[in-house]
Amino acid sequence: GWCDDRFLWVKREFERSLEEGREIGAQVAAYANGELVVDLWAGSVDHFDTSSVPEACSQGAGGNTCPPLDPDKEYMNAMTGETVVPIFSSGKVGESLVMGLLSDRGLLDLGDRVATHWPQFAANGKESITVADLMRHQGGLAMPDEGFRVEDIQDPKKIDKQLARQHLHYTPESGRAPQLYHAVTRGMYANELVRRVDPMHRNLGTYFREEVAEKYDIDSFFLGISDAEWRRVPVGKSGDLAYLYWLKLLLQYLVPFHASARSFVVAGDAHDTLLEFEAATGYNVLKRLLTGDWRLVRAAVGSVKGTVVGMTGMEDFNNKDFLQLQMSSANGLANARSMAKLGNLMLKKAGDGGAFASEEGWRRANEPGERQPDYGVQMDVAYTACGWGVDRFSTAGLSGWSGWAGASGSVLQWNEALGLSFAYTTVLPYGRIGKPRGERLMKALVRAAGGWVK
């Protein structure tokens, strides 16, 4: 790859992470003041083809030089800058942008009740939920009544009815829904809103493709990849987390308030030592069970496990049928270069090449909610009206950043004050709320840009 000499700290941290054995295959990219300054990749990835990615694919930071691929084959090959990999919840960044653009263009208001645009949604106590409630994970719909089948998700006429009749995962009499991360379902509901308010009745993935990716030359960021796109770009798989690493995490959950004990479990490795808020996850779950908050615990588990019938292991998430669904909250595909370019787009204001047509539309989309506990991700967080997380990494000493991150460890963030956009992908999931590999690279980027971190 390539790295501007001013940002060699990022390259060195990336190299150290690889040397320490924390990666199988990964990419990192960054923009500073509108300029691509980091575009690096390394390691290996399991692709969906056996022979069609030549050496030319790994040359430079330019456009896509890869030939069409055979999606029925697989191969292990060197990671390239063009390779797209599952980014899981980092796809929510694009999903949120779509909702912000719909508001900016007057097709809906983020304060509207969802049922205003989708009357059937009001069933079973959902009539007062607003678009902003949904996007801020305050809709009470993280856990479906029962798992969705892939074939039903593929059929718009079936899935919209199933979504409309869902019940809330909390008791309406208790008042406003607690903030609980809609890991999978948020994008499914957002997709139904897009289909209804867009004059062309496009789905969310198509709207993102035509109104964002194609207009701003973000050619390798997909929310439900099409057949044509699947053949155009090299698609890589996400790997499985080693059992030993899971064991290290579980043991640390037993000593949530003893940092020295957590450090001992990982032989003093600060990188793999859980932060206190992460380690306290098990304690907090047990506390809620004992104090009667079992519905929140059940909803947090149900927001991920069993949401899609038959999805039990990483191989299911690597399946082409799943990656083509309209499930933008969970099945995004991208490379770091395109992610960072999207983050850079977020830094541009109306009239300066930004996606929003008006300053007011940009302001409404970025209006932060109250910072409060999220019972799904088990941390305090604030979400903007269109759904971006604010100061997601403040626990790591990184303040002023917006965006989100994914279960694999992927990160997509931007910082308006510093003029920075950052993206990181990996094929080795860590299964942590914190994202230590991405965080160390973000800190290196901030230092190189003359900023300050703890």
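The lining of the second largest pocket divides by class into seven nonpolar, ten polar and five charged residues. Start the tour there, and keep in mind that this is a predicted model.

**Stop 1: the second largest pocket**

The pocket holds about 300 Å³ of space. Select Ile153, Gln154, Asn203, Leu325 and Gln326: of the 22 lining residues, these are the closest to the centre of the pocket. Next, colour α6 (156-164), α7 (185-197) and α8 (204-213), the elements that give two or more residues to this lining. The largest share, four residues, comes from α7.

**Stop 2: the largest cavity**

A search of the whole structure finds one cavity of 30 Å³ or more. About 50 Å³ of space lies in this largest cavity. Select Gly205, Phe208, Arg209, Phe221, Phe222, Leu223, Gly224 and Glu229 to show its lining. Both α8 and β6 (221-223) supply at least two of the lining residues. By class, four are nonpolar, two polar and two charged.

**Stop 3**

Keep Glu229 and Arg209 selected; both line the largest cavity. Their side chains meet in a salt bridge, at 2.5 Å from N to O. Glu229 lies in helix α9 (residues 227-232) and Arg209 in helix α8, so the pair ties together parts 20 residues apart in sequence. Are these two residues buried or exposed? Both Glu229 and Arg209 are buried.

Now select Lys215 and Glu211. Here the salt bridge spans 2.9 Å, N to O. Lys215 is exposed, at 52% relative accessible area. Glu211 counts as buried, at 12%.

**Stop 4**

Select Asp269 and Arg22, whose side chains form a salt bridge of 3.0 Å, N to O. Asp269 sits in the loop between α11 (259-265) and α12 (276-279), Arg22 in the loop between α1 (8-19) and β2 (25-32), and 247 residues separate the two. Asp269 is partly exposed, with a relative accessible area of 22%. Arg22 is buried, at 9%.

**Stop 5: helix α2**

Finish at α2 (residues 92-104). This helix has 13 residues and reaches 18 Å from its first C-alpha to its last, close to the 18 Å expected. How many of its residues are buried? The count is 13 of 13. Step on to Gly106, which follows α2 and has a positive phi, near 75°.

Terms used:
Residues are numbered from 1 along each chain as its sequence is written. This is a predicted model: local features need pLDDT of at least 70, side-chain atom pairs count only at pLDDT 80 or more; totals for chains, interfaces and linings use all residues. Side-chain values use heavy atoms; hydrogens and water are left out. On a 1 Å grid over the protein atoms alone, a cavity is a set of points where a 1.4 Å probe fits but cannot get out, and a pocket is an open set with protein on both sides within 12 Å along at least five of seven lines; lining residues have an atom within 4 Å of a point. Grid points are joined across faces, edges and corners, and a volume is the space filled by probe spheres set on the points. Ala, Val, Leu, Ile, Met, Phe, Trp, Tyr, Cys and Pro count as nonpolar, Asp, Glu, Lys and Arg as charged, and the others, Gly among them, as polar. The expected span of a helix is 1.5 Å times one less than its number of residues. Buried means under 20% relative accessible area, exposed over 50%, partly exposed in between (1.4 Å probe, protein chains only). A salt bridge is a side-chain nitrogen of Lys or Arg within 4 Å of a carboxyl oxygen of Asp or Glu.
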